Amino acid sequence: MDLSDSVLDHLRHMAALPDVSGTRYELEREIGRGGMGVVYAARDRDLDRRVALKVMEAELAGEARLIARLEHPSIVPIHETGRLPDGRVFYAMKLVVGVRLDHYLARSPSLAERLRVIRRAGEALAYAHTTGVIHRDLKPQNVMVGEFGEVYVMDWGVEAVAGTPGFRAPETPLDRRSDIYALGALLEFVLPADGPPALRAVAAKARRPDPADRYPDVGALLADIERFQEGLAVEAWAEPWRHRLVRFAARNAVLLWLLAAYAGVKLVLFFLRNL
Amino acid sequence: MNKILAGSICGLVLGAMDGATAWFYPETHSMMGAIMVGSSVKGMVVGILCGWFARKVQSTGWGIVMGAGLGLVFAFLVAAMDTVNGRHPYLEIMMPGFAVGAITGFLTQRVGTSGSPVRPAH
């Protein structure tokens, strides 16, 4: 019997997918692959909804339990964990419809929008740190921006994760300050080529080689970004007086215009009187 | 500090400073005391009203408009009561009063806290 190319392709596709018989899920396609496992788009037959299914080796089952502890708007919620017939473990989670941060930046979002993503990701990190969880592998590929602007930090790490060059802190073992390093690298990554020097200084402080020289926690880094957005001086940068003046003028533009108008009125009256 | 107190202080200080500029006109030197007091009181009244408005409406734009309007009205009243060389100095008092009122209106929106729930303006 001859098989058409499309049937062969379908069989190859199905053979590449893990066996999920005995679960409530039907796999659709692979949507991501990393050192920790493979992520598939799947359908939950019982609830008739699409989910993301991450399949990984049995010894990494701790990752699912780790993430399941985290409940935050910017952390993808876990629906269920289980074991496949081949012994591997899986967990089902919300299927995020959106784009990775690196692809999102190709749309040239505004600086405010870029910083919003960083702040949302930072808030997720700050929350995770309060529960004793560190990410270990924060990078643009692990941050998703949803179709409604929601931000998700994905792929929370376990001990086996070594981080990604450029985003991985130099120290070992990795700890909270290593996530601050990665968040600084992420901030540097999202800044446009003509990004403000104050924000570059914030990123540089977060990425200092000595963890003790970085921000003490994610909240301090986020506070510095917030200060920048409010037109205030950032902690990370000894601002030159010229920048300080420009920032002051920008922050108080309305008041300066009103004072200039008053001075103008007085000058005009003074000269009219002497005509 | 509530908005009304902040407004009264801003208005008082700005009014006094505006009154002090009369020093540049030699013919007013003999009346500086009265000018300073009058200008300060006018500024304070405008400031109090701007502060009251700022408690009700949180909007920099409307604060400036209200301050400028009040400054203009009170400056008109002062000018109408005053006579220099046989004429009312409307221009000389009302134009700066308008600008000082606008500054007072702006500052009362920025300084001080609202004592009552604020209704954002659209």
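# A covered strand and its partners

Strand β5 (residues 89–94) of chain A is mostly covered, since 5 of its 6 residues are buried. A residue is buried if 20 or more other C-beta atoms lie within 10 Å of its own, exposed if 12 or fewer, and partly exposed in between, with C-beta atoms placed from the backbone. Helices (H or I, at least four residues) and strands (E, at least two) are DSSP runs, numbered from the N terminus. The model is predicted: local features need pLDDT of at least 70, side-chain atom pairs count only at pLDDT 80 or more, and totals for chains, interfaces and linings use all residues. Residues are numbered from 1 along each chain as its sequence is written, while chains are lettered from A and ligands numbered from 1 in the order in which they are written.

Two strands pair if DSSP finds at least two bridges between them. Strand β3 (residues 49–56) of chain A is antiparallel to β5(A), with 6 bridges; here A:V55 has A:F90 as its bridge partner. Strand β4 (residues 78–83) of chain A also pairs with β5(A) in the antiparallel sense, over 5 bridges, and A:R83 is bridged to A:V89. The hairpin of β4(A) and β5(A) has 5 residues between the strands, and A:G87 takes a positive phi near 95° there.

Strand β7 (residues 143–146) of chain A has two antiparallel partners described here. Strand β6 (residues 98–100) of chain A pairs with β7(A) over 3 bridges in the antiparallel sense, and A:G98 has A:G146 as its bridge partner. Strand β8 (residues 151–153) of chain A pairs with β7(A) over 3 bridges, again in the antiparallel sense; A:V145 is bridged to A:V151.

The loop between β8 and α5 (176–190) of chain A contains A:P173, and the peptide bond from A:T172 to A:P173 is cis, with omega near -5°. A:D155 lies in the loop between β8 and α5 of chain A. Although A:D155 is not a glycine, its phi is positive, at about 55°. A:D155 counts as buried because it has 23 C-beta neighbours inside 10 Å.

A:R136 is placed in the loop between α4 (111–130) and β7 of chain A. It is not a glycine, yet A:R136 has a positive phi of about 80°. A:R136 is buried because 23 other C-beta atoms lie within 10 Å.

# The nonpolar cores

A nonpolar core is a set of buried Ala, Val, Leu, Ile, Met, Phe, Trp, Tyr and Cys residues joined through C-beta atoms within 7 Å. The largest such core has 62 residues, and those with the most contacts inside it are A:A121, A:L183, A:L186, A:L187, A:A206 and A:L221. At least three residues of this core come from each of domain 1 (5–94) and domain 2 (98–239) of chain A; the domain bounds come from an automatic or database domain assignment. Apart from this core lies another, of 32 residues, among them B:L12, B:F53, B:A75 and B:F98.

Two residues are in contact if their C-beta atoms, placed from the backbone, lie within 7 Å. Leaving aside neighbours within four places in sequence, A:A121 is in contact with A:S74, A:V143, A:V151, A:V153 and A:L186.

# Chain A as a whole

Chain A has 9 helices and 8 strands, and buried residues make up 33% of its 275 residues. A compact globule of 275 residues would have a radius of gyration near 19 Å, whereas chain A has 25 Å. This radius is taken over C-alpha atoms, and the globule rule is 2.2 Å times the number of residues to the power 0.38. Along the principal axes, the C-alpha atoms of chain A fill a box of roughly 105 × 45 × 30 Å.

# Where chain B meets chain A

In chain B, 12 residues are in contact with 10 residues of chain A. Helix α4 (residues 90–110) of chain B gives the most to the side of chain B that touches chain A, with 9 residues. The residues of that side divide into 9 nonpolar, 2 polar and 1 charged. Ala, Val, Leu, Ile, Met, Phe, Trp, Tyr, Cys and Pro count as nonpolar, Asp, Glu, Lys and Arg as charged, and the others, Gly among them, as polar.
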